[in-house]
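This briefing is meant for a reader new to the structure shown below. Please look over the sequence and the model, then read the points that follow.

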Amino acid sequence: MTQHQRLLIIDFGSQVTQLIARRLRELNVYCEIHPYQNVTDAFLADFAPKAIIFSGGPDSVTREGSPRPPKSAFTLGVPILGICYGQQVMMQELGGLVESGHGTAEFGRAFVTPTSANLAILDGWFTEGREQVWMSHGDHVSRIAPGFEVYGTSPGAPFAITADLKRNFFAVQFHPEVHHTPRGAKLYENFIRLAGFTGDWTMASYKDDAIAKIREQVGDKRVICGLSGGVDSSVAAVLIHEAIGDQLTCVFVDHGLMRQGEAGEVVSMFRDNYNIPLIAADESELFLGELEGVTDPEVKRKTIGRLFIDVFQKYADEIEGAEFLAQGTLYPDVIESVSFSGGPSVTIKSHHNVGGLPEKMGLKLVEPLRELFKDEVRALGRELGLPEKFIGRHPFPGPGLAIRCPGEITREKLEILRQADAVYIDQIRKHNLYDEIWQAFVAILPVRTVGVMGDGRTYDYACALRAVTSVDGMTADYYPFTHEFLGETATRIINEVKGINRVTYDITSKPPGTIEWE
């Protein structure tokens, strides 16, 4: 495997730590995220990073026992960039002071203005005398550490940008990795240039490394790949097939929670394009039976995860030498279920293929996409030569319509939901909007509302349309449909779908919401 120049991101629990990695990957820099508690002196010596970034985090450095990096990080002689909590922990560890409260908390949009001093990491960054950033801090640095100087300030953070030029230590109070800091990527570009990175990591090299890792992990055993027909599982299947050939068997499980006509479409699409053994398993009765009466979204996810494993194990038992289960798990799945590599961030929700898996499982996992974002998976798919009809599909969650049906799941509600979703997607395609939207779907709401149709009273379900734009799935905003489009779509759904008499449009961004409803 290729030995790339490596940057280490020490994770202190921020929900957006993965976005730091994404920004760096856009600059062709190989990086790894590791939780602070795993980064020991021995780990640092073995990893030998060319630079280090300290992430943000939810804790307070003023609390006894709060997360800290190893002291050896400061003596490696490599550039360090501290972000938010990362800045505060640098100051605290190197002789500065951090305090809580005192009215200097900042949350949301802020503007940083430069001091008179010049700083290489800020080259070409400031525009019009100030720059918009995204702040999210309650504590604040009240005294910078010896050797540091101030290079930027904001109304709530007098030490918004600080640096020790002799040691190449840099620290910012804001989050340059999020989209709300519009020119944050420029700071990362300057930092990695200053650290001497040449940009030697590409999707082609990732593919080669992933194939080598799969071969090393699997050996001469066989792999079962859970195929949903979505981008992630399709790319995972083709990547693994390139690595181990006929040692791979794909299993498509129809759990009764697919969209209209999707099961047949997925099976035919895959069989028409690839010479990979594929088992099509109709297990809808099993899944729907187990989900009967279940309303809690976490129970739904964990039930579906458990049943998937049961089904995969059943088919693995029929294939001699099958010891591995392959999944298309991505970075956002992991960070929303548990922090990457066991870090300290807060669980948002369990994903069926991460937090929903049973603790004891007979099959070992192969997850070659676990460190990639959706756009990177699509880039890898193109590198592997997948057709655009695979790569360009909107994401579809493993639990399927179960998490688009808040409350109890019934066959009646699922059929109504399938029809409404089909009308909605047809509308989006007719208006040539499909490729502009990251993900679009209908959720059927657990309420009935009174309506009037043909001079008669109706008492039917309400539904919510959802469409978002996103780059990486970690943050998202609603798609700005015209009122004409929404009105036309609502009319079609109410006229064509028996059981719905009210249509709403969800305009919640992520955060504070998630893309899916459950």
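Gly-229 touches Ser-234, Val-266, Met-269 and Arg-393, leaving aside residues up to four places away in sequence. The model is predicted. In it, Gly-229 sits in the loop between S12 and H6 and counts as buried, because its relative accessibility is 2% and the limit for buried is under 20%.

**The annotated binding site**

- The unreviewed UniProt entry carries a "binding site" annotation that covers Ser-228, Gly-229, Gly-230, Val-231, Asp-232, Ser-233 and Ser-234.
- Among these residues, Ser-228, Gly-229 and Gly-230 are included in the lining of the second largest cavity.
- Ser-228 is in the loop between strand S12 (222-226) and H6, and it counts as partly exposed because its relative accessibility is 29%.
- The contacts of Ser-228 are Ser-233, Phe-252, Met-258 and Val-266, not counting residues up to four places away in sequence.
- A polar atom of the Ser-228 side chain lies 3.1 Å from the backbone nitrogen of Gly-230.

**Nonpolar cores**

- The largest nonpolar core has 95 residues, of which Cys-250, Phe-270, Leu-369, Leu-380, Tyr-424, Ile-428 and Phe-481 touch the most other members.
- Helix H6 (residues 231-244) gives this core its largest share, nine residues.
- Leu-380 touches Met-203, Tyr-206, Lys-207, Val-235, Leu-239, Leu-369 and Leu-372, again not counting residues up to four places away in sequence.
- A second core, separate and made up of 41 residues, includes Ile-9, Ile-20, Val-112 and Tyr-331.

**Aromatic pairs**

- The whole structure holds 21 aromatic pairs.
- One of them joins Phe-12 and Tyr-85 in a tilted arrangement, at 5.4 Å centre to centre and 45° between the planes.
- Phe-12 lies in the loop between strand S1 (6-11) and helix H1 (17-26), and Tyr-85 in helix H3 (residues 85-93), so this pair ties together parts 73 residues apart in sequence.
- Phe-12 is buried, with a relative accessible area of 1%, and Tyr-85 counts as buried at 1% relative accessibility.
- The ring centres of Trp-125 and Phe-174 are 5.7 Å apart with the planes at 5°, so this pair is stacked.
- Trp-125 is in the loop between strand S6 (106-114) and strand S7 (131-137), while Phe-174 is in the loop between strand S11 (169-172) and helix H4 (184-195), 49 residues apart.
- Trp-125 is buried, with a relative accessible area of 0%, and Phe-174 counts as buried at 0% relative accessibility.
- Phe-12, Tyr-36, Phe-54, Phe-74, Tyr-85 and Phe-169 make up one aromatic cluster.

Note on methods. Residues are numbered from 1 along each chain as its sequence is written. This is a predicted model: local features need pLDDT of at least 70, side-chain atom pairs count only at pLDDT 80 or more; totals for chains, interfaces and linings use all residues. Side-chain values use heavy atoms; hydrogens and water are left out. A nonpolar core is a set of buried Ala, Val, Leu, Ile, Met, Phe, Trp, Tyr and Cys residues joined through side-chain atoms within 4.5 Å. Buried means under 20% relative accessible area, exposed over 50%, partly exposed in between (1.4 Å probe, protein chains only). Helices (H or I, at least four residues) and strands (E, at least two) are DSSP runs, numbered from the N terminus. Contact means heavy atoms within 4.5 Å. UniProt positions are given in the numbering used here, feature names are shortened, and annotations may be inferred rather than shown by experiment. On a 1 Å grid over the protein atoms alone, a cavity is a set of points where a 1.4 Å probe fits but cannot get out, and a pocket is an open set with protein on both sides within 12 Å along at least five of seven lines; lining residues have an atom within 4 Å of a point. A polar contact is a pair of N or O atoms within 3.5 Å; within protein, one must be able to donate a hydrogen and the other to accept it, and residues adjacent in sequence count only if both atoms are side-chain atoms. Rings of Phe, Tyr and Trp (its six-membered ring) pair if their centres lie within 6.5 Å; planes under 30 degrees apart count as stacked, over 60 as edge-to-face and the rest as tilted.
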